[in-house]
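This report describes a single protein chain, going from its overall make-up to one residue and its surroundings. Please keep the sequence and the model in view while reading.

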Amino acid sequence: MTTTYPQRTCIGCQETSNKKLFVRFVRSPEGVVDYDSTGKANGRGAYVCPQTDCFDTACKRRAFDRALKVSLNADDYDRLRMQFNAHMSRVANKGKECDV
């Protein structure tokens, strides 16, 4: 029996894929939008492909505002970009680790 995973859509490029392949941002019940490292944080989520182009497109189109039903300002988008870039750096460095 094969395992099926929930499907989600990227708010940047509109591609649909396995939930685990995306980067998730979540609006908490208090209204704060942040990167969700676990993919399980409580709140409304928005998914982006792990590619800078998709993130940039989502920001340009203000897709986070629509998907999370909030109004974000430029400082919020800068903070989300820093969180996204930090995530991408961790992912890139994880592949470079070696067992010594």
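## Terms and overall make-up

The model examined here is a predicted one. In these terms the protein has three helices and five strands, and from the N terminus on the order of its elements is β-β-β-β-β-α-α-α.

The C-alpha trace spans about 45 × 35 × 25 Å along its principal axes. Of the 100 residues of the protein, 33% count as buried, and the accessible surface comes to about 6,800 Å², with 49% of that surface belonging to carbon and sulfur atoms. Among contacts between residues at least 6 apart in sequence, 44% join residues that are at least 24 apart.

F55 lies in helix α1, which covers residues 52-60. Is F55 buried or exposed? Its relative accessible area is 0%, and because buried means under 20% relative accessible area, F55 counts as buried.

Once its neighbours within four places in sequence are left aside, F55 is in contact with F25, V48, F64, L80, R81 and F84. The C-alpha atoms of F55 and D76, by comparison, are separated by 14 Å, the two residues being 21 apart along the chain.

In soluble globular proteins, nonpolar side chains tend to be buried together. The largest nonpolar core of this model has 23 residues, and the members that touch the most other members are I11, F25, V48, F55, F64, L72 and L80. The elements that give two or more residues to this core are the strands β3 (23-27), β4 (33-36) and β5 (44-48), together with the helices α1, α2 (63-68) and α3 (74-96). Which element provides the largest share of the core? That share comes from α1, which gives four residues.

## The two sides of α1

The buried residues of α1 are C54, F55, A58 and C59. Seen down the helix axis, these buried residues fall within an arc of 135 degrees, and they therefore line one face of α1. The face turned away from this buried side carries the exposed residues D53 and K60.

## Backbone angles in and around the loops

Most residues other than glycine have a negative phi, and most peptide bonds are trans. Just after α1, R62 takes a positive phi of about 55 degrees. Q14, although it is not a glycine, has a positive phi of about 70 degrees, and this residue is found in the loop between β1 (7-9) and β2 (16-18).

K69 is likewise a residue other than glycine with a positive phi, its value being near 55 degrees. The place of K69 is in the loop between α2 and α3. With a relative accessible area of 59%, K69 is exposed, because exposed means over 50%.

Note on methods: Residues are numbered from 1 along each chain as its sequence is written. This is a predicted model: local features need pLDDT of at least 70, side-chain atom pairs count only at pLDDT 80 or more; totals for chains, interfaces and linings use all residues. Side-chain values use heavy atoms; hydrogens and water are left out. Buried means under 20% relative accessible area, exposed over 50%, partly exposed in between (1.4 Å probe, protein chains only). Contact means heavy atoms within 4.5 Å. A nonpolar core is a set of buried Ala, Val, Leu, Ile, Met, Phe, Trp, Tyr and Cys residues joined through side-chain atoms within 4.5 Å. Accessible areas come from the Shrake-Rupley method with a 1.4 Å probe; for residues, only the protein chains shown count as cover. The arc is that of the directions from the helix axis to the C-beta atoms.
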